[in-house]
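Me: I would like to learn how to read the features of a model like this one. Please take them in turn, with the general idea before the case.

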Amino acid sequence: QVVPVNGGKVVVRETQDESSTWPINVDGIDQEVVDKMVYDALVWSSIHGLVVGDRSVQRSSTVPGVGLVHAPFALLPMPFPATQLNQANELAPIFNELVDRVSLDAKFLQDSLSRTKKADPFTSRLLDIHAKMLEINKKEEIRLGLHRSDYMLDEQTKLLLQIEMNTISSSFAGLSGLVGKLHRSLLSNYGEFLGLDSKRIPDNAAVSQFSMALARAWTEYNNPRAVVLFVVQAEERNMYDQHWLSTTLKEKYPLLFSIYCIKKFVCYGTLISICPCETEDNKYKSFCIGFIETSKIDAEAELLPDGTLVMGGQVIGIVYFRAGYTPNDYPSEAEWRARLLMEQSSAIKCPSISYHLVGTKKVQQELAKPNVLERFLDDKEDIAKLRKCFAGLWSLDDSDIVKKAIEKPELFVMKPQREGGGNNIYGNDVRETLIKLQKEGSEAEAAYILMQRLFPAVSTTFLMREGICYKDDTISELGVYGAYLRNNEKVILNDQCGYLMRTKVSSSDEGGVAAGFAVLDSLYLT
Ligand code: ADP
Ligand code: MG
Ligand code: MG
């Protein structure tokens, strides 16, 4: 029995019975009831903003309010052990601290990624920015991290093992909490009938906690005229997730943002969302500096002698990146110049180039090596907790592992230094790619890491996509958000900030919701 959630802490009343039966049996639910729930869920998601841009509508990824469709979601919450949620929550502040410590060790970052640099031009460019910051001795005194650490519950070992740590553009803080609310609403109507208790769905305050972290960071920047800049992609079907965050920020901290409300930006208060797209009805065109045209960056962004970043006459206090994590975001030199300019400035970068690099797969793999965590953390218990959630991670210069992966590729995932889903290599492709790399005998292998493949328990679930309900065998991935804010020696925030549950068809290798592989879900604590 579980008493759900109290500021993120789950209280378990009795010891859990591992063998207790799965609480949700979708096969036992009458079709008529499923149909009713589907209808109610579609209405709920539409009227509560659990939405994304519809790919079949051309302008849906550029113009808000045009071509909305419900975000893909699971019809019912996913059973998940409270103990493991607690474990993941407990890990969040430790990972936050680790990211911060590692970010300060420039040599470790450069060394860890030195071979990758030769093999991967994208990582190389990021490292160049990092190296330039070292050259000019740039110090980030105020450091803001809005991270998400992702896990799978490995069925065989029953261990909660980390998939990856996201330090840039951690998505779905805006939408994930809505899914829990949707599921509670459904269970408050159908729960008794289904034998499910809506109170077992834990609270998920990700959006308010992330916006609070942004607001606290703004306060630390200590310039009442400063604005928060959202750097976004030109086309973004997941824009409502971002708007949930910026709108919550504005609504929860009205004084902060309305006192210096400038008429031109009245649409966003002083919170400007800078979008590189140019739509015919975009009134804020003149402020669309974004990532697209050099001329615009040069025209709109400048660095004052004291390091202040100014755009469109506005001082930028925080640069919050929801772009810049993929090579596609840098189609020309202009985008790299923009990134460099922002990095050089005194604005708080979320993330800074160092934080960004700490989130690479290669650094994840380096941190999992023996005695590396000890370089960064003092607390032995914290180190043990982190290590316990590390899956097997290897570099491709480990010939024994490469041999094993060629023999049994299904037990491994091969990962390049990329974010955003859809980039990993699985199954027979692992074998083929490894053999190819061996034959080439080049530096190219340093672009990848190998990871132990995790196998979570499979369960049958209803998945909702574009108004259609599918029943399928699925596995799930739990993400826990973490916010970290520090000003020099003072740690101002170091918290877990709610969760993201994603459920995907078990036959699909990849798991991105935006990439079209997974649906948003919530937890049903067992
Ligand atoms: P990205 O930064 O692109 O999200 P991830 O490392 O999270 O990269 O991998 C993308 C997806 O691939 C994950 O969401 C998960 O579904 C799947 N995946 C990644 N690593 C593993 C693994 N070790 N075992 C099983 N599936 C994995
Ligand atoms: Mg990632
Ligand atoms: Mg991921």
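Me: Is S345 buried or exposed?

Reply: Buried means under 20% relative accessible area, exposed over 50%, and partly exposed in between, with a 1.4 Å probe and the protein chains only. S345 has 0% relative accessibility, so S345 counts as buried. This is a predicted model, in which local features need pLDDT of at least 70, side-chain atom pairs count only at pLDDT 80 or more, and totals for chains, interfaces and linings use all residues. Residues are numbered from 1 along each chain as its sequence is written, chains are lettered from A and ligands numbered from 1 in the order in which they are written, and side-chain values use heavy atoms, with hydrogens and water left out.

Me: Where does S345 lie, and which backbone oxygen lies 2.7 Å from a polar atom of its side chain?

Reply: Helices (H or I, at least four residues) and strands (E, at least two) are DSSP runs, numbered from the N terminus. S345 sits in the loop between helix 11 (333-344) and strand 15 (348-350). A polar contact is a pair of N or O atoms within 3.5 Å; within protein, one must be able to donate a hydrogen and the other to accept it, and residues adjacent in sequence count only if both atoms are side-chain atoms. For S345, the backbone oxygen is that of M342, 2.7 Å from a polar side-chain atom.

Me: What is the relative accessibility of S124?

Reply: S124 belongs to helix 5 (residues 121-135). Its relative accessibility is 15%, and S124 therefore counts as buried. Between the C-alpha atoms of S124 and L113, eleven residues apart along the chain, the separation is 8.5 Å.

Me: How do I read a sheet, and what is the strand order in the open sheet of four strands?

Reply: Strands of a sheet pair through backbone hydrogen bonds, either parallel or antiparallel. Here, two strands pair if DSSP finds at least two bridges between them. The open sheet has the order 16-19-17-18, with antiparallel pairing. Strand 16 (393-395) and strand 18 (425-426) are the edge strands, each pairing on one side only. Strand 17 (residues 412-416) is joined to strand 18 by two bridges, and V413 has Y426 as its bridge partner in strand 18.

Me: Which strands pair with strand 21?

Reply: Strand 7 (residues 142-153) runs antiparallel to strand 21 and is joined to it by ten bridges; R148 stands opposite Y481 there. Strand 20 (residues 459-465) pairs with strand 21 in the antiparallel sense over seven bridges, S459 having T474 as its bridge partner. Strand 22 (residues 490-505) is also antiparallel to strand 21, over 13 bridges, and S476 stands opposite T503. Strand 21 (residues 468-487) is mostly covered, with 14 of its 20 residues buried.

Me: Which residues take a positive phi in the two hairpins?

Reply: In the hairpin of strand 20 and strand 21, with two residues between the strands, E466 has a positive phi near 45 degrees. In that of strand 21 and strand 22, also with two residues between the strands, N488 has a positive phi near 55 degrees.

Me: How do I read a metal site, and which residues coordinate the magnesium ion (ligand 2)?

Reply: Donors are N, O and S atoms within 2.8 Å of the metal (3.2 Å for Na, K and Ca); water is not among the atoms, so sites may look incomplete. The magnesium ion (ligand 2) is coordinated at 1.9 to 2.3 Å by E164 (OE), E164 (OE), N166 (OD1) and E419 (OE). N166 lies in strand 8 (residues 160-166) and E419 in the loop between strand 17 and strand 18, so the pair ties together parts that are 253 residues apart in sequence. N166 is buried at a relative accessible area of 6%, and E419 counts as buried at 15% relative accessibility. The magnesium ion (ligand 3) is 3.6 Å from the magnesium ion (ligand 2), and E164 coordinates both.

Me: Which of the 21 residues around ligand 1 come nearest?

Reply: A residue is near a molecule if one of its heavy atoms lies within 4 Å of it. For ligand 1, K361, K415, G421, Y426 and E477 come nearest. An oxygen atom of ligand 1 is 2.6 Å from an N or O atom in the side chain of K361, and a polar side-chain atom of N424 lies 2.9 Å from an oxygen atom of ligand 1.
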